[in-house]
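Below is a short briefing on one protein chain, grouped by topic.

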Amino acid sequence: MPSFRSVAVLLTACLLLTLPRADVRADDFPEVPNTQQNPPPFTTPEAALKALRLPDGFQATLFAHEPDVRQPIAITTDERGRMWVAENYTYAERPNSFDDKLRDRIIVLEDTDHDGKADKRTVFFDDIQQLTSVEVGFGGVWAMAPPNVLFIPDRNRDDIPDGPPIVVLDGFDTGPANKHNFANGLKWGPDGWLYGRVGITAPGEIGVPGTPKEQRVPVGPSLWRYHPVTKAVEEVCTGTTNPWGHDWDDHGELFFINTVIGHLWHGLHGAHYRRMFGADRNPHVFQVIEQTADHFHWDTAEAWNDIRKGVTATTAQAGGGHAHSGLMIYLGDNWPDQYRGKMMTLNLHGRRINVDRLERHGAGYVGKHESDLIFSDDPWFRPLELIYGPDGGVYVADWSDVGECHENDGVHRTSGRIFKITYGEPMPHKNLDLAKLSSLDLVKLQTHRNDWFVRQARRLLQERTAGGENMAAVCAQLATLFAQDSDIPHKLRAMWALTACGGAEATWLHQALSYPDEYIRSWAVRLLVDSKRIHPKTLAAMEQCAAWESSGLVLLSLSSALQRLPVADRWSIAQAIGSHKEFATDDVLPLMLWYGVEGAITEQPKEAIGLATSTEMPIVRQFIARRLTMELESRPAVVARLVAVASASKSREVQHDLLTGMAQALQGWRQAKAPTAWATLQANINSAGDAELKKLVREISVVFGDGRAIDELLTLAKSTETDTATRRAAIRSLVDAKPPGLSDVLQGLLTDREISPEAVRGLAAVGTAETPKTLVKSYGRLVPPGREAAIQTLASRPQSAAVLLEAIAAGEINRADVPIYLVRQFQGYDDAALQLRLKTIWPELRPISADKQTRIAQMKDKLSRETIAAADVSAGRALWEKSCAKCHVLFGEGGKIGPDITGSQRHNLDYLLENILDPSATLIPTFRMTTLILADGRVINGVVLTKTEQTWEVQTPTEKLTLRKADIEETKDSTQSLMPEGQLDLLSPEEVRNLIGYVMSPQQVRLPTETSGEQ
């Protein structure tokens, strides 16, 4: 071994630390205890290496092992080919998830003599906890440390942080239920976004620091992504159990790995996948997508947790077990060609690498089982991550532990190995540092055989673009590469790099929509939607593409895009997608089309019914009817229209699907008034319909007649075998009927994670005097939607609001969980004790003055529902962009000086007028104005965005300033908002109507200039 290792043996691991915290010496890193109970004999690193069984022609080296690396939970590489390792010591056995007396660290390993063994080790940062992932880029290091994503700046690349970590995102759950599903897996995607993963027991609500609760992005179980330039964050897809690995193939298709319910999943934007337990966050999804693989890696006749007893012969033959970690699609240049493009994952219990072959199937893909690749006979082998490097060799990070995989029996913290697996004689790259290359040389790397070079070069180009470098020559060269290179993966790399460099113009992407290759067309759709440049010409091009498209993959991308288009712009594209009868029974495409239109169904029912009757996809017809019928009580005319269409249809298939959807929607109902056209349909079916149609009509007619029995509804509500939507409907029916003992039934359902929100809402109507205390007691066990329902229920009456406030004062409920509009509601309650408690919890809150209340009332009188309905929302958007958009984000666009209001109470006119006419009254502390007096005499008023030891970043109404902390002599926090009062006074009544109409609109609308063409 290299000389540094012998030194390490003589010294303790603590003395090896090169980077202390500002307030902690390098040698104070806590000693790490081993708590593993009754471990078998420890396997030495050398013995572990010999325990690897490799195919002919392969060899392995010990790239690093303890004490130089321990607890390697994640690994990545930088543009110099160096390995960055996240060492996690804080992960603990039950009953705790983490041990806060310990710390984690990030180290850098280098193989300077290219013998397959690290000979240089640097500790980059050692003051971090709950570290699960590390990634490099944009002048620093990104660390996933739930509840935060941190950015540690190191712009001069000297492996010494330039300052303290910056919280980039927060809100990732680390609660007691989250034992091993926590957020993990940072990795750059081909689209320039930073991707990550969250498991099923960690349903966080994430956003940039200071983002109000109602504007946060819910995640878990999910893949999510964050853009390092725009700071946008969004959920990519949702479902599964505990995704702990993802990668992209040569065509940029995303795949991720999972446990228990299926291991391989095709990561489609906006997809809803099967979950191990619990209901999807959207109750109107109705059906989820199953795994992409056509096989399991364990004997599914066994219980999943039987693996704790050992791997049976049948599970070993199937692949080794249900637990997977790390996913690599090999695109290196060292292993034989037979492995290129294959999906590989680490099987924890089977101690091997599973291999799947990815094949096109229907609209998407299927994973086919191939022979497992590399095995270990070491009982301590616990692999977590695998990646390939610049020479094409594959690194495998080994957590090195034994026992139960959730670490319920303790953690062995002083061990850890990283193996390097190569084939033949790998070609080393000496003195490697891609950052020293010119941007044009980085373009040349886009055709490299090893995708490691491609990805690193693309990231560097994106960084240089963000840094202000003129990329005109680079974009020209990339455009030439796309035009002249016949290799499709090379063309795709040119597309992605052009996007990273700002050169993928809308007109060029429009042309790509008609390119002969399906992968080019698919990515043209995705990049157009990502760019948010959706103009009439874009929509027309996408509609045309959908109409003549023969590729299911492109149709999947178009279906995915629907969710991010304005509601009114979805239908023509959806009609074109739905016309493809060849994909009518596809496993994925009809569901993705449904997900794309579901959010628009109730807003534009006429168009929805039109799609239901024209589409060739039965499941879309069925779900449209189901979703509309769920609105029977509030919108009977819509359901009557649906029934009339079904009655008049000449197609038995259309009638069957529409009636099936209606029957599903009414399954949990006790009784309802029949739509006006029902008698006609009933007569038509009874006279000319087949037996199946008659059965559906009879089932629905029960609800339209005497109704279902209470006992039947109680059975439906309690049954975990019944779908969630039906159970919720049954609870609503029971609440309407109010049978004796219902309150006790609902209290018993509070811990049922699928229907607890509905149970909470039911208790609001039929609960007893003890219900508020019951809700507070159950609050910590509720899922996020259940907590929201509990807050709403507790806030609905003065008596229960008082219980809520006492719970907040006692620390049982976080005050941040209460939306500010409910706090305003509390101010209206005539209860002196409650008002006193309210002031102690929200001391910054002040009452709206009498003159402001008068002004709000006057404005409200002028903005009747009819007046707002007549608003020119397109003109309203123009007014918004002229002033409000400088500070606020709406529909993903605008400045971030003030809150993002997309998810706020925009539909509540009282809420809107209070915030516009008296913006300081309900001001969130994050957006308060601060007065700064500088040493040179200047006085600056603005919102302090970030603070470091050296600088403050301050946003004024006109610009963003970076001030040296040493130059700030005095600061004074204000209770005033940066948003000026009297803004509506400057507008005409018509302009006020248009602006308010736009702000209250459910989706983005076009600007007036966009109605005639593209800008």
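In this predicted model, the buried residues of H33 are Val992, Arg993, Asn994, Leu995, Ile996, Gly997, Tyr998 and Val999. Helix H33 spans residues 989–999, and eight of its 11 residues are buried, leaving the helix mostly covered. Buried means under 20% relative accessible area, exposed over 50%, and partly exposed in between, with a 1.4 Å probe and protein chains only. Helices (H or I, at least four residues) and strands (E, at least two) are DSSP runs numbered from the N terminus.

Basis of the values
- Residues are numbered from 1 along each chain as its sequence is written, and side-chain values use heavy atoms, with hydrogens and water left out.
- Because the model is predicted, local features need pLDDT of at least 70 and side-chain atom pairs count only at pLDDT 80 or more, while totals for chains, interfaces and linings use all residues.

Arginine 105
- Strand E5 (residues 104–110) contains arginine 105, which counts as buried because its relative accessibility is 0%.
- Its side chain makes a polar contact of 2.5 Å with the side chain of glutamate 87 and another of 3.1 Å with that of tyrosine 89.
- A polar contact is a pair of N or O atoms within 3.5 Å; within protein, one must be able to donate a hydrogen and the other to accept it, and residues adjacent in sequence count only if both atoms are side-chain atoms.
- Aspartate 127 is 22 residues from arginine 105 in sequence, with a C-alpha to C-alpha distance of 6.6 Å.

Histidine 322
- The loop between helix H3 (313–318) and strand E21 (324–329) holds histidine 322, which counts as buried because its relative accessibility is 5%.
- A polar atom of the histidine 322 side chain lies 3.3 Å from the backbone oxygen of tryptophan 304.
- Leaving aside residues up to four places away in sequence, histidine 322 touches Asn258, Thr259, Val260, Trp298, Trp304, Ile307 and His349, where contact means heavy atoms within 4.5 Å.

Whole chain
- The protein chain has 33 helices and 35 strands, and 59% of its 1015 residues count as buried.
- Of the contacts between residues at least 6 apart in sequence, 64% join residues at least 24 apart.
- The chain exposes about 40,500 Å², of which carbon and sulfur atoms supply 51%; accessible areas come from the Shrake-Rupley method with a 1.4 Å probe, and for residues only the protein chains shown count as cover.
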